[in-house]
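Reader: Please take me through the labels on this model. I want the cut-off behind each one.

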Amino acid sequence: MITSLTMIEQWILEDERELEARCARFRAAQRTLEHGDGGDEMEDEEDSAA
């Protein structure tokens with residue numbers, strides 16, 4: 001069931017999605033630095049999904 005969200009609730013959900021995306025990009029960059037594997041490809045995929 002979908003209920004109407006207040007503006008603050010909507011902003012919180014948007015902030016959570018942005019934080020999750022930033023964390024995913026950070027983890028991909030960290031893996032690249034640690035292992036030297038082609039993490040750039042994964043980062044490009046995440047950017048296109050956002």
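Author: Start with patches. They are made of residues with over 30% relative accessible area and no salt bridge; like charges are joined within 9 Å, and nonpolar side chains (Val, Leu, Ile, Met, Phe, Trp, Tyr) within 5 Å. Areas come from the Shrake-Rupley method with a 1.4 Å probe, and for residues only the protein chains shown count as cover. M7, I8, W11 and I12 make a nonpolar patch of about 440 Å².
This is a predicted model, where local features need pLDDT of at least 70 and side-chain atom pairs count only at pLDDT 80 or more, while totals for chains, interfaces and linings use all residues. Residues are numbered from 1 along each chain as its sequence is written, and side-chain values use heavy atoms, with hydrogens and water left out.

Reader: Why is I8 called exposed?

Author: Exposed means over 50% relative accessible area, buried under 20%, and partly exposed in between (1.4 Å probe, protein chains only). I8 has 55%, so I8 is exposed. Of the 50 residues of the protein, 6% count as buried.

Reader: What makes E18 and R22 a salt bridge?

Author: The term needs a side-chain nitrogen of Lys or Arg within 4 Å of a carboxyl oxygen of Asp or Glu. The closest N and O atoms of E18 and R22 are 2.8 Å apart. R25 also bridges to E18, at 3.7 Å. Both distances fall within the 4 Å limit. E18, R22 and R25 are thus linked in a network of salt bridges. The whole structure holds two salt bridges.

Reader: Where do E18 and R22 lie?

Author: Both are in helix α1 (residues 7–35), four residues apart, about one turn. Helices (H or I, at least four residues) and strands (E, at least two) are DSSP runs, numbered from the N terminus. The protein has two helices and zero strands.

Reader: How do you know that the span of α1 agrees with its 29 residues?

Author: The expected span is 1.5 Å times one less than the number of residues. For α1 that gives 42 Å, and the end C-alpha atoms are 42 Å apart, so the two agree. Just after α1, G36 takes a positive phi of about 70 degrees.

Reader: What makes the patch of E14, D15, E16 and E20 negative?

Author: Asp and Glu count as negative, Lys and Arg as positive; His and the chain ends are not counted. The charge is placed at CG of Asp, CD of Glu, NZ of Lys or CZ of Arg. E14, D15, E16 and E20 gather on the surface as a negative patch. E16 is in helix α1 and, at 42%, counts as partly exposed.
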